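Reader: I would like to go through the geometry of this model point by point. Please state the cut-offs as they come up.

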Amino acid sequence: MQEKPLRVAYLGPEGSYSSLAAAKLCPQAEGVPRHSFLQVVQSLLDGEAEAAVLPVENTLQGAVTQNLDLLYANPSLYAAEEYLLPIEHRLIVPVGTRLEEIRTLYSHQQAILQCSRFIAEHLPQADVIYTDSTMQSLAHLKQRGDAGIVGSHVKREGLCFLGGNIADESKNFTRFLLVGKGEEFLPEHSARVYFAATCPHEPGALLKMLQILSVYDLNMTKIESRPIKNSPGAYCFFVEFEGDIADANVRSALRRVSQYSQNFKLLGCY
């Protein structure tokens, strides 16, 4: 009997940046498009998908904090692969629309933020309306005066691009993680390891935690903090370092960090 293809949930619809990342990470998979990141994760938790693709960082706007929170809040979820997707935002309008005629601009919040300079300079007259995804903005382009921000790969009859890339920086990348349920989803070996931890409430706590990595000669590649809900002044730290998850040295370091931290979660390795 032929095995069913892997089902991968992502922020849809088809043609969204998340769908492009999903196609790169799992080219043979069956897509499970969803309307929000929360629904993407819920599809994985409910068994409607065996994997999920989540953007976690953009070179212009930094962390996609909602997805970091979702990854941390669900103890059974782990990231097992990453993909860096080049992002090129384009202004799309009904054919015949001029830039000065645009009165309403639709797109996902992240795309709007990544094009904030262009919008301020060229579309100060436009009302900005967030959509669930960049692709969903196309459904709102009914008449001259409407515009959306989508990827340069998008084509739709009756619509056309105005100009080229409108992102604040031409070199714009979004980092996506392939997430699965259960530790069995993790690879046997890795180049980097990702964890989240909260420190004890004492002087120098963060330094003490990071010194553990130094003691084990592990090179940290990223660190960021997120406030802990319902705990004003308390933060969770998301840390990535170079290392093979199968290495005894790496395992010992993670065990030491876990013992020192108030809360610890291995987010993934890839």
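Reader: In which hand does H2 pass H3 at their crossing?

Author: This is a predicted model, in which local features need pLDDT of at least 70 and side-chain atom pairs count only at pLDDT 80 or more, while totals for chains, interfaces and linings use all residues. Residues are numbered from 1 along each chain as its sequence is written, and side-chain values use heavy atoms, with hydrogens and water left out. Helices (H or I, at least four residues) and strands (E, at least two) are DSSP runs numbered from the N terminus. A crossing is left-handed if the near helix is turned anticlockwise from the far one by less than a right angle, and right-handed if clockwise; for H2 and H3 the crossing is right-handed.

Reader: Are H2 and H3 roughly parallel or roughly antiparallel?

Author: H2 (residues 37-45) and H3 (residues 65-73) have axes 10 Å apart and pack at an angle of about 25°. Axes are lines fitted to C-alpha atoms, for helices over the stretch in contact, and angles run from 0 to 180 degrees between N-to-C directions. Angles under 35 degrees count as roughly parallel, over 145 as roughly antiparallel, 65 to 115 as roughly perpendicular and the rest as oblique. The H2 and H3 pair is therefore roughly parallel.

Reader: Which residues of H6 make the contact with H7?

Author: H6 (residues 205-215) and H7 (residues 248-260) pack at about 160°, which makes H6 roughly antiparallel to H7. Contact means heavy atoms within 4.5 Å. On the H7 side are Ala 253, Arg 256, Val 257 and Tyr 260; on the H6 side are Ala 205, Lys 208, Met 209 and Ile 212.

Reader: Which element gives the largest share of the lining of the largest cavity?

Author: A cavity is a set of points on a 1 Å grid over the protein atoms alone where a 1.4 Å probe fits but cannot get out, and lining residues have an atom within 4 Å of a point. Grid points are joined across faces, edges and corners, and a volume is the space filled by probe spheres set on the points. The largest cavity holds about 230 Å³ of space, and Tyr 17 and His 108 are among the residues closest to its centre. Three lining residues, the largest share, come from H4.

Reader: What is omega of the cis peptide bond at Pro 13?

Author: Most peptide bonds are trans. Pro 13 lies in the loop between strand S1 (7-11) and H1. The bond joining Gly 12 to Pro 13 is cis, with omega about 10°.

Terms used
On a 1 Å grid over the protein atoms alone, a cavity is a set of points where a 1.4 Å probe fits but cannot get out, and a pocket is an open set with protein on both sides within 12 Å along at least five of seven lines; lining residues have an atom within 4 Å of a point.
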